[in-house]
Amino acid sequence: MDTILANAQSSGRRILTEHESKQILTAYRIPTVESILASNADEAISAANEIGYPVVVKINSETITHKTDVGGVKLNLTSPNQVRDAFVSIKNAVETKFTKDDFQGVTVQPMIDTSGAYELILGASQDSQFGPVMLFGSGGTLVEVYNDRSLALPPLNTNLAHLMMKNTKIYKALKGIRGKPPVDIKALEKVIVNFSHLVMEQNDYISEVEINPLLASGDGLLALDARIILHANTDEVIRPAIRPYPSQYEQRFVSKKGRGKCTHNLWNCINFLLNLT
């Protein structure tokens, strides 16, 4: 993981590919959709056969962040011929609008059924005063229209992650509405906490990171797309406003009734115990 970030930054790159970004998320135990790299059409077909149809084919590029602007996403492909056509179409579109150097192949992913799932956004960017600031809320293609978001300063514990969720309109829906099963709120808390660890620990490298959409349903959580932008130079790095608690002072507590456990610092554990009452 550190090698991916260090190599990209040392080569002067500002953007990680989606595939690289998902590798970073996976390292922090954030569930992501399976993704296989393919440098040519035959490799793309082989990947699709391995995954099973239908599949999605996406552009893999070190310079292009908005894939849909170049027709870089082909959905619901059900045959090898469709996969081959998708590869050729994406390659030609990139080379027409940009250059050959902007095309590093494609990724092949399973076509995920999003019906019944909520599209969330989870991200972080640098603030000139506070350093990294996290964002959570309603995601998808209409994220700017809904404008349903909550902000927080990392690092977060599960209580702060829960509070971040409660400050959004989508939170009520996540608990189950109109016959839809509720989302596993505890699992979502853990994803947000793990994401905050990523933001804190990789602050020297990462300027912006975004998961959109993060699918949430009664079946689980899944990051469908991810984007990471690196600092252009070390002068851009703003230190976090809240410093991580020293690990040597962390302790493990279990409530008397055995209702839960806390593996965070003392202040977090006090909040944890108060919330059990």
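Hi everyone, let me begin with a pair: Lys91 and Glu95 form a salt bridge, with their closest N and O atoms 2.9 Å apart. By salt bridge I mean a side-chain nitrogen of Lys or Arg within 4 Å of a carboxyl oxygen of Asp or Glu. Before going on, please keep in mind that this is a predicted model, where local features need pLDDT of at least 70 and side-chain atom pairs count only at pLDDT 80 or more, while totals for chains, interfaces and linings use all residues. Residues are numbered from 1 along each chain as its sequence is written, and side-chain values use heavy atoms, with hydrogens and water left out.

Back to our pair. Both Lys91 and Glu95 sit in helix H4, residues 80–97, and are four residues apart, about one turn of the helix. Helices here are DSSP runs of H or I with at least four residues, strands are runs of E with at least two, and both are numbered from the N terminus. Lys91 is partly exposed at 29% relative accessibility, and Glu95 is partly exposed too, at 23%. For those words, buried is under 20% relative accessible area, exposed is over 50%, and partly exposed is in between, using a 1.4 Å probe and protein chains only.

How many salt bridges does the structure hold? There are 11. Let me show you Arg227, which forms a salt bridge with Glu208, the closest N and O atoms being 3.9 Å apart. Arg227 belongs to strand S10 (residues 226–230) and Glu208 to strand S8 (residues 206–217), so this pair ties together parts that are 19 residues apart in sequence. Arg227 has a relative accessible area of 22%, so it counts as partly exposed; Glu208, at 32%, is partly exposed.

Arg227 also meets the side chain of Glu210 in a salt bridge, at 3.6 Å from N to O. That pair again links distant parts of the chain, with Glu210 in S8 and Arg227 in S10, 17 residues apart. Glu210 is partly exposed, at 25% relative accessibility. Elsewhere, salt bridges that share partners join Glu18, Lys22, Lys58, Lys67 and Asp225 into one network.

Let's stay with S8, because Asn212 is in that strand and counts as buried at 16% relative accessibility. Which backbone nitrogen lies 2.7 Å from a polar atom of the Asn212 side chain? That of Gly140. Leaving aside neighbours within four places in sequence, Asn212 is in contact (heavy atoms within 4.5 Å) with Leu120, Ile121, Gly139, Gly140, Val143 and Asp225.

Last stop: helix H1, residues 2–10, where the buried residues are Ile4, Leu5 and Ala8. They cover an arc of only 95° around the axis, which puts them on the same side of H1; the arc is that of the directions from the helix axis to the C-beta atoms. On the other side of H1, Thr3 and Ser10 are exposed. What covers the buried residues of H1 includes helix H2 (18–27), along with S8 and S10. Finally, just after H1, Gly12 takes a positive phi of about 85°.

Conventions:
Polar contact = N/O pair within 3.5 Å; in protein donor to acceptor, adjacent residues only side chain to side chain.
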